[in-house]
Amino acid sequence: MRKLRLLCAPVLACVLLGATIAPASVGASSLPATPIVLDSSLKIHPLLQAEAQIDPTRVVRVIVQQVQPPSSGFLGNLLGGLLGGGSNTGDEQFTIIPALVTSVQLGSIAAMAQDPNVRYISPDGPVQIIPGVPLVTGLLGGVLGLVGGLLGGGASQPPVSGYFSGSAGRNSVGSSHLSTTYPFDSGATGAWAGSAGASDTGSGVTVAVLDSGVDLNHPDLTGHVMAVSVNTSASGPSDGYGHGTHVAGLIVGQDTAGHYIGVAPRANVVSVKLSDDTGAAYESDVLRGLQWVSQNRTNYNIRAINLSLSAAVPQSYATSPIDAAVENLWHQGVTVVASAGNLGAGEDAVWYAPGNDPLAITVGCLDDNQTVAPGDDSLCTISSRGVTEDGFAKPDLVAPGRKIVSTLSAGINGQPAVLATTFPSRITADGRHIRLSGTSMSAPVVTGAVALLMQRHPGLTPDQVKKLLVSTTSSYPGQADKAGELNIVAALRANVPAAAPQTLLPIGGSGAPAGQVTLLWDGNQWATTFWTGGHWDAGYWDAGHWDATYWQAGHWDGATWVAGYWDAGHWDGGHWDSQRWLAGHWDAGYWDSSTYD
Ligand SMILES: [Ca+2]
């Protein structure tokens with residue numbers, strides 16, 4: 001799938017990553033009469049700068065990060081001054097990071113950015129769940145076309161449904177009747193059987209799945225899943241799209257016959273529904289979900305989160321609000337697992353949050369050829385890999401993700417799940433499972449592994465979890481980088497490393513965010529010394545950095561723009577031209593309907 005076009009899917013496509021849908025062709029671009037000029041010193045995402053020069057009267061939805069959390073009245077003062085007073089429907093102040101989402105005319109953004117408490121302004125872009133056919137319609141407004149309609153601020157806590165029953169009502173965990181190969185390939189079956197010295201099933205550990213919801217009544221899941229919706233456009237926490245239920249099953253599912261068992265069948269999942277019932281979500285929805293986890297993690301013992309999704313707008317982790325919120329959770333002790341994306345080896349394949357965050361555990365897709373024997377394994381062609389805009393190699397490891405059978409949602413409000421109607425041929429004979437492919441399926445295999453590690457070692461920090469998983473991977477045929485295959489038994493057997501924070505090592509010459517990080521570049525993306533203990537021990541991103549200093553505007557010095565991809569040429573040339581952002585441009589013919597399987 002190297003045919004995947006750099007320019008295409010990444011920018012606009014946005015919705016939870018299971019399979020891929022790529023523009024079949026790129027239409028002729030029409031440049032504006034006046035060349036677009038970008039200023040990297042402005043605290044404004046280049047996409048907004050570009051669009052403001054094309055259509056300054058257009059009202060767009062933006063996320064405004066703040067240097068300091070607002071005192072009471074700040075929101076009103078800021079918006080009142082810049083927008084002429086009055087209330088803005090759908091404005092929402094977040095607490096997980098100091099940021100608000102609001103609607104504003106493009107021509108007002110430059111003035112807004114001059115407020116000294118504004119750290120950065122970026123589009124509230126759509127988020128990719130599975131780039132599927134039905135979602136295109138929902139995205140026709142484009143990243144910049146969405147106006148209002150999201151949550152108002154100060155909403156009360158949404159209700160949580162479901163229950164955790166422990167091991168009650170479930171058969172013992174065994175591999176003798178499995179119909180799937182991924183539990184063998186990943187080492188999960190060995191963990192259950194005690195190959196690492198004790199039987200590990202994830203008992204007592206809760207992970208959160210931030211996705212399209214979950215089918216609480218699915219017999220493979222009942223008793224191990226609770227659910228909440230943070231999207232007020234959704235009718236409830238159920239899964240109308242079918243993605244989140246599949247992901248949850250890969251972690252904790254178990255059918256009575258033992259054909260389909262997730263990696264950590266005694267663990268628990270809290271499903272945090274980000275999207276509406278059709279699977280459409282925006283960056284602000286992801287922030288709201290991450291915020292819910294931050295506020296409720298102690299109540300449910302949430303130790304890890306699974307994010308099988310990608311933002312649609314490329315952005316440095318130094319400015320992305322999603323990455324910032326992810327890092328905040330990481331520093332709270334929550335391990336964050338993210339899918340790498342389904343963009344293959346495209347130039348921008350790993351430029352999207354949260355998979356581009358250097359702290360997060362980013363997971364690529366291994367094709368096990370549906371056999372347990374490892375000799376025929378290979379990297380999924382669509383698995384995103386490469387170097388982030390900040391110079392970090394991604395993904396961190398790979399896990400089985402092709403033709404993965406897991407739980408199928410019964411749908412919502414009497415309607416079958418969107419994925420069931422989209423891919424009827426992939427539904428199993430029992431009607432309760434479906435086969436899907438992509439890094440969306442790989443990430444929960446790793447999240448399940450995190451649950452197993454957490455049962456064995458309850459005190460692990462996210463950095464320890466990451467090192468255990470990444471340093472114990474196995475090689476696979478044709479492996480071209482340092483991202484090896486998940487090996488759960490090896491991770492369980494390994495000695496727990498010291499509780500030191502990661503050192504982040506950009507490669508390829510990109511500037512480090514604060515100029516303190518060693519650059520390693522061996523001509524092959526990953527220097528062989530990357531994972532040595534020495535590099536791991538030094539403290540760069542310790543929790544102490546998560547303070548007001550981190551947020552000062554000075555932290556963003558524009559250096560990331562200066563080199564490489566963030567020059568004007570990538571935004572006003574054939575790459576990110578304005579035509580791409582016009583709603584009408586995204587007609588059906590622009591999308592490739594053949595979804596990866
Ligand atoms: Ca195989």
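In the predicted model, strand β1, spanning residues 59-66, is joined to β4 by 5 bridges, and the two strands run antiparallel. Within this pairing, Q66 lies opposite V118 of β4. Both strands belong to an open sheet of 4 strands, arranged in the order β2-β3-β1-β4 with antiparallel pairing. The edge positions are taken by β2 (92-94) and β4 (118-123); each has a single partner strand, so one side of each is left without a neighbour in the sheet. From one strand to the next, the twist averages 30 degrees.

Among the helices, α8 (residues 243-252) packs against α12 (residues 439-456) at an angle of about 40 degrees, and their axes are 8 Å apart. The crossing of the two helices is right-handed. On the α8 side, the contact is formed by H243, V247, L250 and I251, while α12 contributes S440, M441, P444, V445, T447, G448 and A451. Classified by residue type, this contact of α8 with α12 comprises 7 nonpolar and 4 polar residues, with no charged residues.

For A449, the residues touched are S186, V263, L469, L486, I488 and A491, when residues up to four places away in sequence are not counted. In soluble globular proteins, nonpolar side chains tend to be buried together.

Methods. Residues are numbered from 1 along each chain as its sequence is written. This is a predicted model: local features need pLDDT of at least 70, side-chain atom pairs count only at pLDDT 80 or more; totals for chains, interfaces and linings use all residues. Two strands pair if DSSP finds at least two bridges between them. Axes are lines fitted to C-alpha atoms, for helices over the stretch in contact, and angles run from 0 to 180 degrees between N-to-C directions. A crossing is left-handed if the near helix is turned anticlockwise from the far one by less than a right angle, and right-handed if clockwise. Two residues are in contact if their C-beta atoms, placed from the backbone, lie within 7 Å. Ala, Val, Leu, Ile, Met, Phe, Trp, Tyr, Cys and Pro count as nonpolar, Asp, Glu, Lys and Arg as charged, and the others, Gly among them, as polar.
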